[in-house]
Amino acid sequence: TRRRPSNPPPPPTPSGRSTDPPPPTTPTSPPPRDPSWIAEATRRLESTHVTAAALEVTLAHVCGVGIDTLSYSQLEVVEEIHRDALARCAEARIELVRTQERVKAAAAAEIERLRAALADATTRGGE
């Protein structure tokens, strides 16, 4: 197989930032510096972890801010939230691999279909 030459990354701007455009975002993944995600994340935390809201565990605590002031029960809730997030990450990773495998299988099937059509056309052309 031939390798395409890779293009080097663009040089950083004088401020040290890359000139690459930012990655696309979706409604569930706003730009990192946009604070609007905080309200959504807080609503999600309160709806999926009712105990967290009851024990006044905040999004800041989940991010590690101020955890040294939490009670044992609050710390257990923070741990539970992290375990749930890790489980969702693992599920998302598995789904990503499944999707990539489906795309790969569809591409292989299309290549096989084209190969068979070419072989058929070649055979008919020789008759």
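Reader: Why is Glu95 called partly exposed?

Author: In this predicted model, Glu95 has a relative accessibility of 36%. Buried requires under 20% and exposed over 50%, so Glu95 falls in between and counts as partly exposed.

Reader: What makes the contact of Arg102 with Glu95 a salt bridge?

Author: The closest N and O atoms of Arg102 and Glu95 are 3.1 Å apart. The cut-off is within 4 Å, therefore the pair qualifies as a salt bridge. Glu95 and Arg102 also belong to a salt-bridge network that includes Arg98.

Reader: Why is Arg102 called partly exposed?

Author: Arg102 has 49% relative accessibility. Exposed means over 50%, so Arg102 counts as partly exposed.

Reader: How do you know that Asp120 and Arg124 form a salt bridge?

Author: Their closest N and O atoms are 3.6 Å apart, and the definition asks for within 4 Å, so the pair is a salt bridge. Both residues lie in helix α4, four residues apart, about one turn of the helix.

Reader: Why is Arg124 called exposed, and why is Asp120 called partly exposed?

Author: Arg124 has 56% relative accessibility; the class begins over 50%, so Arg124 is exposed. Asp120 has a relative accessible area of 37%, which lies between the 20% and 50% limits, so Asp120 is partly exposed.

Reader: What makes Glu112 and Arg115 a salt bridge?

Author: The N to O distance between their side chains is 2.5 Å. The limit is 4 Å, so the label applies. Glu112 and Arg115 are three residues apart in helix α4.

Note on methods: Residues are numbered from 1 along each chain as its sequence is written. This is a predicted model: local features need pLDDT of at least 70, side-chain atom pairs count only at pLDDT 80 or more; totals for chains, interfaces and linings use all residues. Side-chain values use heavy atoms; hydrogens and water are left out. Buried means under 20% relative accessible area, exposed over 50%, partly exposed in between (1.4 Å probe, protein chains only). Helices (H or I, at least four residues) and strands (E, at least two) are DSSP runs, numbered from the N terminus.
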